[in-house]
Amino acid sequence: MRNIPSYDPQSLEAKWQAHWAARHTNEPDLDRAARPFYNLMMFPYPSAEGLHVGNMFAFTGADIYGRFKRLQGFDVFEPIGFDAFGIHSENYALQVGTNPATLIPQNIATFRRQLRQFGAMYDWRHELSTTDPAYYKWTQWIFVQLFKAGLAYKKRAAVNWCPKDKTVLANEQVIDGRCERCGTAVEQRFLDQWFFRITDFAERLLANLDHIDWSSSTKLLQRNWIGRSEGAELMFETPSGKKITVFTTRPDTVFGATYLVLAPEHPLVDELTAVEHRSAVKAYQREVQSKDVVSRRVGDKTKSGVFIGSYARNPATGEAIPIWIADYVLMEYGTGAIMAVPAHDKRDFEFATQFKLPIRQVVATEGEGEGEPLPSVSEGGKLMNSGAFDGMPCRDAARKIVAWLAERGLATPRVQYRLHDWCISRQRYWGPPIPIIYCEQCGPVPVPEKDLPVELPLIEDFRPDDTGVSPLARHEEWYFVKCPKCGGQGRRETDVSDTFLDSAWYHLRYPSTEFHDRPFDPARTTKWLPVSSYIGGNEHAVLHLLYARFICMVLNDLGHLQFDTPYPKFRAHGLIVKDGAKMSKSRGNVVVPDTYIKEWGADTFRMYLMFLGPFQEGGDFRDEGIVGIRRFLEKVWTLVHESPAGGGATHPAVEQKLHRTIRKVTADTEALQYNTAIAAMMEYVNEMRERGAGSRELLKPLVIMLAPYAPHVAEELWAVLGERESVLQARWPSFDEQLASTGDVEIAVQVNGKLRSRLVVPRGMPQEAVVKIVLSDPVVKKFVDSQKVRKVIYVQDRLVNLVV
RNA sequence: GCUCGGCUGGCGAAAUCGGUAAACGCUGCGGACUUAAAAUCCGCUGGGCUCUGCCCUUGGAGGUUCGAGUCCUCCGCCGAGCACCA
């Protein structure tokens with residue numbers, strides 16, 4: 001036996017990383033690439049703690065895919081950057097008392113080092129950070145485009161206010177009534193906020209989901225978030241001639257509407273309140289306003305509300321029904337008013353029971369007698385107590401009733417969405433200033449594009465206070481500015497924008513980072529976009545991914561882009577948990593990759609993470625199995641080093657196994673089923689060792705297939721096998737379907753569906769021949785005995801079942 | 001409450017169309033090598049029994065089928081998302 005060098009990942013990985021950097025191995029020619037493939041992964045937020053195992057799991061999975069495509073002959077562009085603005089960084093900066101502008105570069109340096117050491121194929125020439133003025137110049141430019149298109153507007157709105165972080169939060173940043181970050185109960189405040197009209201795009205955002213290749217779980221989350229409901233607006237008229245419009249998804253139940261409920265803030269409330277009820281109504285409105293936005297939205301509490309002393313006519317029955325106000329009706333959804341059908345709506349039922357309002361059943365459910373108890377919300381029944389519509393199924397009735405009321409102008413079909421406009425204002429410091437100047441004469445004026453970026457000034461006191469005004473307002477030489485239109489005294493907008501705006505377009509910037517006079521170069525963009533493959537976490541399913549689609553649609557409509565979908569293919573990776581719980585600093589279960597990489601090497605750790613479970617499902621991190629991967633790599637190492645230059649042993653069974661392995665690894669890698677691809681390579685190595693085969697011809701394809709998973713050791717072994725170029729210059733091996741599907745197969749022999757014997761036959765043997773052998777098998781004979789075989793079921797190459 | 005995903009050996013997991021359940025790996029046990037240990041290599045490793053063989057086993061109970069981890073119905077548990085959205 002020859003003396004082979006020992007496998008030392010540390011020196012070997014450093015060597016190859018230096019080699020890649022020196023040779024610019026991972027820097028495709030963006031202008032001349034023949035087969036561009038844009039391999040994108042969600043860029044990280046550079047936290048002070050550094051990269052954790054969850055990040056590395058995601059990045060490794062994405063990098064494997066990129067390397068796989070590279071080996072298939074694509075010019076792969078795999079960029080990386082940092083999503084470094086936002087409340088995370090700012091809160092941390094406040095906590096340690098250092099300006100985020102000094103902290104963030106330190107964090108980024110740490111991330112950069114960690115990202116380099118695990119061996120991803122990043123093109124560092126195109127690194128970006130959202131906090132770089134050269135980047136956020138264009139984030140501001142995008143704001144200006146939306147503003148000019150009438151898609152950005154300012155609105156005074158009740159917002160979620162976190163008293164601890166002293167900032168507004170988006171609805172989606174409020175979890176169970178508490179601040180997503182600090183857990184403090186959120187309050188209601190009224191502030192002027194900038195919004196983007198994403199609701200104008202609700203239908204397109206929803207329809208688009210049908211055509212894009214995304215993880216179904218992600219699509220589902222987006223559909224639910226957009227929350228489309230079909231229904232109708234119905235008109236209820238008061239004796240004074242006021243029309244109250246309600247939105248309902250169940251117009252079929254209008255005969256059962258026994259009262260109306262308006263949101264306490266509804267504009268008609270004042271007018272419709274009878275004199276003797278005025279004080280009670282005012283008191284109730286005050287009570288509701290004093291509550292925070294969130295506790296009002298918590299569903300499972302007792303209902304409250306007051307009668308306002310007036311009535312409206314039910315358009316179907318013509319009877320006068322009382323009008324109430326109650327906080328369970330929200331002004332933001334629908335028309336801010338509902339028709340209450342207590343017999344067929346749970347909330348209305350609770351309310352009616354509590355305030356002793358009439359309940360009238362108008363839908364008879366299936367079956368005899370009573371059917372299900374009220375409130376019955378099923379749409380499966382037939383109408384009753386509904387005049388001419390009695391006996392009609394709900395769905396038909398809904399259409400017919402709307403048509404009938406529409407004739408008198410009392411109904412309009414209507415589609416309603418749950419999605420709200422995107423509030424992008426943040427009363428904070430650490431973000432791109434919203435590029436607007438307020439002028440006494442001209443109103444809000446966008447900063448001219450030539451004056452962008454509006455740089456975020458480096459200020460000492462970036463602490464927010466509870467005025468609700470950004471700290472930027474305290475910085476006078478920045479705050480006061482000439483109006484770009486009339487030259488008069490103006491004031492800058494002091495809000496900064498939401499981080500999700502930064503990340504809504506970063507994929508457009510990567511290929512064009514060297515251009516400073518345009519956000520994304522048209523030629524580069526045409527060549528590289530939309531993104532070929534996008535991999536990231538489902539925690540961004542409804543925020544980042546929805547906003548990115550929206551911004552792309554807008555830029556497309558405005559003529560800046562030729563496509564309206566940024567990521568036609570997206571796959572959500574699973575979550576790495578520790579001891580059954582999500583990794584978080586507060587739980588103290590965060591695993592840092594550095595120590596593992598130091599101990600085992602990046603290749604072993606990368607593969608181990610991928611072997612833990614299916615990439616798209618994630619898994620529980622534990623370190624018990626890592627040695628298995630290391631042993632596997634050692635075996636490959638030994639096989640390659642022992643393989644003689646001239647030839648080496650081969651074996652027909654191993655050759656066949658090779659072709660099957662290539663088939664499986666190719667399919668599994670394409671499908672991101674990395675765990676089973678690794679298992680297939682292990683099987684192949686086991687087979688080689690058992691058969692004593694180890695020729696270079698058998699090993700080269702293995703080393704290529706290994707390259708996406710364990711890139712450093714693959715390079716080394718490729719060189720040992722006598723190759724001079726990088727293994728990335730090699731072509732992914734092809735397989736011979738014929739060879740992969742020949743050979744013997746083991747067939748299961750069943751009698752009456754129970755396994756009784758096994759039989760090895762050549763692949764593709766016809767039924768008669770197999771049955772003949774089977775019937776002569778003594779074990780089978782025993783079970784068949786003297787009974788007559790009534791039926792034979794034969795599945796080619798798999799099983800034969802005798803029914804007696 | 002609604003929607004979705006999951007539940008398979010001691011553990012992580014595999015299993016195109018309904019067709020040999022447990023591939024691959026870990027752990028554990030036994031053996032080889034060694035003065036010894038580590039490393040490495042070989043073997044065994046779901047449970048039971050009347051053990052040359054047979055029976056049971058994919059959260060539970062039914063069903064469809066020659067045949068069910070896979071399809072259908074009901075139930076349980078775990079996780080995620082949404083949640084007074086009319």
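Tutor: Buried means under 20% relative accessible area, exposed over 50% and partly exposed in between, with a 1.4 Å probe and protein chains only. This is a predicted model, in which local features need pLDDT of at least 70 and side-chain atom pairs count only at pLDDT 80 or more, while totals for chains, interfaces and linings use all residues. Residues are numbered from 1 along each chain as its sequence is written, chains are lettered from A and ligands numbered from 1 in the order in which they are written, and side-chain values use heavy atoms, leaving out hydrogens and water.

Student: Which residues of helix 22 are buried?

Tutor: Helix 22 covers residues 674–691, a helix being a DSSP run of H or I of at least four residues and a strand one of E of at least two, numbered from the N terminus. Its buried residues are covered by elements including helix 2, helix 19, helix 20, helix 21 and helix 23. They are Tyr 674, Asn 675, Ala 677, Ile 678, Ala 680, Met 681, Met 682, Tyr 684, Val 685, Glu 687 and Met 688.

Student: Which strands stand at the edges of the sheet?

Tutor: Five strands form an open sheet with parallel pairing, in the order 2-1-27-28-10, where two strands pair if DSSP finds at least two bridges between them. Each edge strand has a single partner strand, so one side is left without a neighbour in the sheet; these are strand 2 (75–77) and strand 10 (213–214).

Student: What is the bridge partner of Tyr 38 in strand 2?

Tutor: Strand 1, residues 36–41, runs parallel to strand 2 and is joined to it by three bridges. For Tyr 38, the partner in strand 2 is Phe 77.

Notes. Expected span 1.5 Å × (residues − 1). Contact = heavy atoms within 4.5 Å.
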